[in-house]
Amino acid sequence: MPGSTRALGDHPLFHTPGALLAGYAEHQGPAADSFANARRVHGSTVKLPVWHRDQDLHLADAYTAAIIKVADHHKELVK
């Protein structure tokens, strides 16, 4: 689902913890730039679907083949 993943520091729990943890209702969240590294890592991470049914195995195989193909030809791709 597009947009379902995010950098950990962008998760609402870190900005409004009182919504889930009543004892932190008055807690101020961190500064907006507190999680710059988390955003950088999230922005450069490849996120793959989760396959959980037997009929999805062909998709997992196709992703694996594509990743191997890119890895095998990476020098040609970055020219």
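Trainee: How many helices and strands are there in the chain?

Mentor: There are four helices and zero strands, where helices (H or I, at least four residues) and strands (E, at least two) are DSSP runs numbered from the N terminus. Along the sequence the pattern reads α-α-α-α. Bear in mind that this is a predicted model, in which local features need pLDDT of at least 70, side-chain atom pairs count only at pLDDT 80 or more, and totals for chains, interfaces and linings use all residues. Residues are numbered from 1 along each chain as its sequence is written, and side-chain values use heavy atoms, leaving out hydrogens and water.

Trainee: Where is Asp56 found?

Mentor: Asp56 sits in the loop between helix H2 (36-43) and helix H3 (57-72).

Trainee: Why does Asp56 count as buried?

Mentor: Buried means under 20% relative accessible area, with exposed over 50% and partly exposed in between (1.4 Å probe, protein chains only). Asp56 has 6% relative accessibility, so Asp56 counts as buried. Of the 79 residues of the chain, 6% count as buried.

Trainee: What joins the side chains of Asp56 and Arg53?

Mentor: A polar contact of 2.8 Å joins them. The term asks for a pair of N or O atoms within 3.5 Å; within protein, one must be able to donate a hydrogen and the other to accept it, and residues adjacent in sequence count only if both atoms are side-chain atoms.

Trainee: What radius of gyration does the chain have, and what would a compact globule of 79 residues have?

Mentor: The chain has 19 Å, whereas such a globule would have a value near 12 Å. The radius is taken over C-alpha atoms, and the globule rule is 2.2 Å times the number of residues to the power 0.38.
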